[in-house]
Amino acid sequence: EDVDATILQDGGEDINEMETEENARKGTISSARFNLLSTMVGGGSLSLPMAFQKSGNALMAPLLLLLITALSDFVFRLLITCAPPSVGIGRGNSSYGTITETAFGRRGYVISTVLVFIMCYFGVVAYAVLLRDMLEPISDAIFPSDSRLYRNISMYIVVLLVTPLCSLRTITSLERFGAAGMFSIFILGCCVVFRSVQCNYQHPDGWHTHLRLFPEKPMDVFDALPIIISCYFCHYNVPLAYNDMQNPTKQRVSWWLRSTTWGAAIYYWIIGMAGSMYGVCVASGEVQGNILLDFGENDPLLLVGRLCLAFTLSMAFPLLVIPARDVIWISMCELVNGSARSNVESNELEEPLLDAEEGQDDEENNEIPSASIHDKQPTFRQRQLVAAVFFWLGAALASCVTSIEIVWELIGSSTSILVSYLIPASCFLILLDHATSWKERASRVICWIMILVFTPLMFFSTVNAVYEFFFLKQ
């Protein structure tokens, strides 16, 4: 018996060690940085040249970019502050939804997770449409016809190749893919800058003719600001990357967020400035929402840039699918546990003659704590199935539309502002209602200012997007 007990004890220790190793924090500052950058820096940066040109590329646009960068860095820190403190070597369990649930209760969790799901889903759709456009030269060269059917087939092939990456357990596993994606987007930026400098250097009117300090119309700011805000949208992945970070001290977390946010800002300013200056070489004098559409289709340098962007978009898909996959899984678990609770309650009603103490014990044994729902991890097959269904539904919708412009403008001007600034600021005000230091008091003041400014801004930006699409474009 002693030998058997020893064997069982040793086996249990091995199992515990395996579970501990599986749940251990494996993320580094580099992996967390690349995960956020892969979510932020992508197809949205191609619209920055238009935003810079509309709002004033010499003064107003850089100031707006500076302001949004500072606020985004501040909000990222708010999310970390509102997340439960990390203790030990095990992975954290915080998410955007659990933070809002702590602040607003069950209703806040449902609303926030629905918003994150919407952003991730339409992000997949928008990226799939853009991926199809970037693969256009390849599909036209391979297939005999240039119909949209063959271009969708090219998109589906890439989606099929990327689908296995969406089955990974955490986003930390995507560190190398994120680094490769950022290198590709860097090459794309170099291509845009080179062509812009080349064009402005050879143009007879001079490069200074397309410098603007302020927008020509005040409403142009409402067109540019949602684009700049959407370039920093990765808030739902901040707690996920924080969960997996090794030794998440204040200094390490601060350096991670600061280097990520301001590193992206430098890239955004360069591509926004260089791309807006290319307007002097465009017949209309104005760049389009996708700067790559203003370059020649047969430009070999920009063909390299298009392929680099296609690779970057492909590597960004898992960072959109995995958070939505986890939301779907938790929702499914809650539905199952909810039905289990209903069965337990019905059984108790059918057996009213049970002793009070015995019934109380049964209730304790059958109770399903809500915290365990977030702790329950899906198997590989379950992750694979949920991710594949979500991913391919987004790709199917993308194949049916020619442009995602109106959806992206509405989501960027409404949902993005709500998820990026209003909800995190409100959570901080509720969870830290008693400020004990001057930093906390200053943070509360900034949160109130954000709520007072971004609430009407969200309304006016949404109305402006609807008005321009349904009235001005007809």
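**Cysteines**

I began with Cys447: its sulfur is 8.0 Å from the closest cysteine sulfur, in Cys82, which is too far for a bond. I took a disulfide to be a pair of cysteine sulfur atoms within 2.5 Å. Cys447 is buried at 0% relative accessible area. My terms for this were buried for under 20% relative accessible area, exposed for over 50%, and partly exposed in between, with a 1.4 Å probe and protein chains only.

A note on the source: this is a predicted model, in which local features need pLDDT of at least 70 and side-chain atom pairs count only at pLDDT 80 or more, while totals for chains, interfaces and linings use all residues. Residues are numbered from 1 along each chain as its sequence is written, and side-chain values use heavy atoms, with hydrogens and water left out.

I then searched the whole structure for disulfides and found 1. It joins Cys199 and Cys281, with the sulfur atoms 1.0 Å apart. The angle about the S-S bond is -100°, so I noted the link of Cys199 and Cys281 as left-handed. Cys199 sits in helix α9 and Cys281 in the loop between α12 and α13, so distant parts of the chain, 82 residues apart, are linked. For helices I used DSSP runs (H or I, at least four residues; strands are E, at least two), numbered from the N terminus. Cys199 is buried at 16% relative accessible area, whereas Cys281 is partly exposed at 26%. Cys191 is in no disulfide, and the nearest cysteine sulfur, in Cys308, is 6.4 Å away. I found Cys191 buried, at 5% relative accessible area.

**Salt bridges**

How many salt bridges does the structure hold? I counted 6, each being a side-chain nitrogen of Lys or Arg within 4 Å of a carboxyl oxygen of Asp or Glu.

Arg195 pairs with Asp299, the closest N and O atoms being 2.7 Å apart. Arg195 is in helix α9 (residues 175-202) and Asp299 in the loop between α12 (250-277) and α13 (300-350), so the pair ties together parts 104 residues apart in sequence. Arg195 is buried at 17% relative accessible area, and Asp299 is buried at 13%.

Arg77 and Asp73 form another salt bridge, at 3.2 Å from N to O. Both lie in helix α4 (residues 60-82), 4 residues apart, or about one turn of the helix. Arg77 is partly exposed at 26% relative accessibility, while Asp73 is buried at 10%.

Asp326 and Arg325 also meet in a salt bridge, at 3.1 Å from N to O. Here Asp326 is partly exposed at 24% relative accessibility, and Arg325 is buried at 2%.

**Nonpolar core**

Which residues touch the most other members of the largest nonpolar core? I noted Trp256, Tyr268, Met450 and Phe454, in a core of 117 residues. Helix α6 (residues 106-134) gives the most to this core, with 13 residues. Such a core is a set of buried Ala, Val, Leu, Ile, Met, Phe, Trp, Tyr and Cys residues joined through side-chain atoms within 4.5 Å.

Leaving out residues up to four places away in sequence, Phe454 touches Ile68, Leu71, Ile229, Ile417, Tyr421 and Leu422; contact means heavy atoms within 4.5 Å.

**Helix α5**

Last, I checked helix α5 (residues 96-104), where the buried residues are Tyr96, Gly97, Thr98, Ile99, Thr100 and Ala103. Just after α5, Gly105 has a positive phi of about 85°.
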